[in-house]
Amino acid sequence: MILHLVSDEKFIDNAIWQFESVLPDNNVYVALMQNKTNELKYIKNTKKVKRIIIESNEYFNLINEFNKYNAVILHNLDYDKARLVNKS
């Protein structure tokens with residue numbers, strides 16, 4: 001299983017399509033959000049992308065589950081993703 005930490009960018013839908021064509025249903029896509037009112041603006045494949053609020057219980061659960069993934073791919077490294085990886 002591969003964990004993808006994504007940003008709300010236009011290329012993510014295409015990346016999801018490419019990863020799913022190679023390893024179908026073997027990928028987890030997570031977008032870190034500042035708060036629950038944030039909506040995904042550019043990502044249209046919202047069924048595949050799980051939104052997790054930074055510093056929420058789900059966020060800390062994700063940190064504790066890092067070891068269950070074979071790989072973690074950071075799409076567009078930013079401060080929040082770097083902090084998440086450093087905590088894991």
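Asparagine 76 sits in the loop that links strand 4 (71-74) to helix 3. This is a predicted model, in which local features need pLDDT of at least 70 and side-chain atom pairs count only at pLDDT 80 or more, while totals for chains, interfaces and linings use all residues. Residues are numbered from 1 along each chain as its sequence is written, and side-chain values use heavy atoms, with hydrogens and water left out. Helices (H or I, at least four residues) and strands (E, at least two) are DSSP runs, numbered from the N terminus.

**Loop residues with positive phi**

- Asparagine 76 has a positive phi of about 70 degrees although it is not a glycine.
- With a relative accessible area of 38%, asparagine 76 is partly exposed; buried means under 20% relative accessible area, exposed over 50%, and partly exposed in between (1.4 Å probe, protein chains only).
- Aspartate 25, in the loop between helix 1 and strand 2 (27-33), also is not a glycine and has a positive phi of about 55 degrees.
- Aspartate 25 counts as exposed, at 62% relative accessibility.

**Serine 7**

- Serine 7 belongs to the loop between strand 1 (2-6) and helix 1, and is buried at a relative accessible area of 10%.
- The side chains of serine 7 and lysine 81 are joined by a polar contact of 2.4 Å. A polar contact is a pair of N or O atoms within 3.5 Å; within protein, one must be able to donate a hydrogen and the other to accept it, and residues adjacent in sequence count only if both atoms are side-chain atoms.
- Not counting residues up to four places away in sequence, serine 7 touches Ile12, Ile43, His75, Asn76, Asp78 and Lys81, where contact means heavy atoms within 4.5 Å.

**Glutamate 20**

- Glutamate 20 is part of helix 1 (residues 12-22) and is buried, its relative accessible area being 13%.
- Its side chain makes a polar contact of 2.9 Å with the side chain of tyrosine 29.
- Neighbours within four places in sequence aside, glutamate 20 is in contact with Asp25, Asn27, Tyr29 and Lys48.

**Helix 2 against helix 3**

- The axes of helix 2 (residues 57-64) and helix 3 (residues 79-87) come within 8 Å and cross at roughly 55 degrees, which makes helix 2 oblique to helix 3.
- Axes are lines fitted to C-alpha atoms, for helices over the stretch in contact, and angles run from 0 to 180 degrees between N-to-C directions.
- Angles under 35 degrees count as roughly parallel, over 145 as roughly antiparallel, 65 to 115 as roughly perpendicular and the rest as oblique.
- From helix 2, Tyr59, Phe60, Leu62 and Ile63 meet Asp80, Arg83, Leu84 and Lys87 of helix 3.

**Glutamate 58**

- Glutamate 58 is in helix 2 and is partly exposed, with a relative accessible area of 35%.
- Leaving aside neighbours within four places in sequence, glutamate 58 contacts Lys50, Arg51 and Ile52.
- A separation of 24 Å lies between the C-alpha atoms of glutamate 58 and alanine 15, which are 43 residues apart along the chain.

**Tyrosine 69**

- Tyrosine 69 is located in the loop between helix 2 and strand 4 and counts as buried at 11% relative accessibility.
- The C-alpha atoms of tyrosine 69 and methionine 1 are separated by 5.2 Å, with the two residues 68 apart along the chain.
- Beyond neighbours within four places in sequence, tyrosine 69 is in contact with Met1, Ile2, Leu3, Val28 and Leu62.
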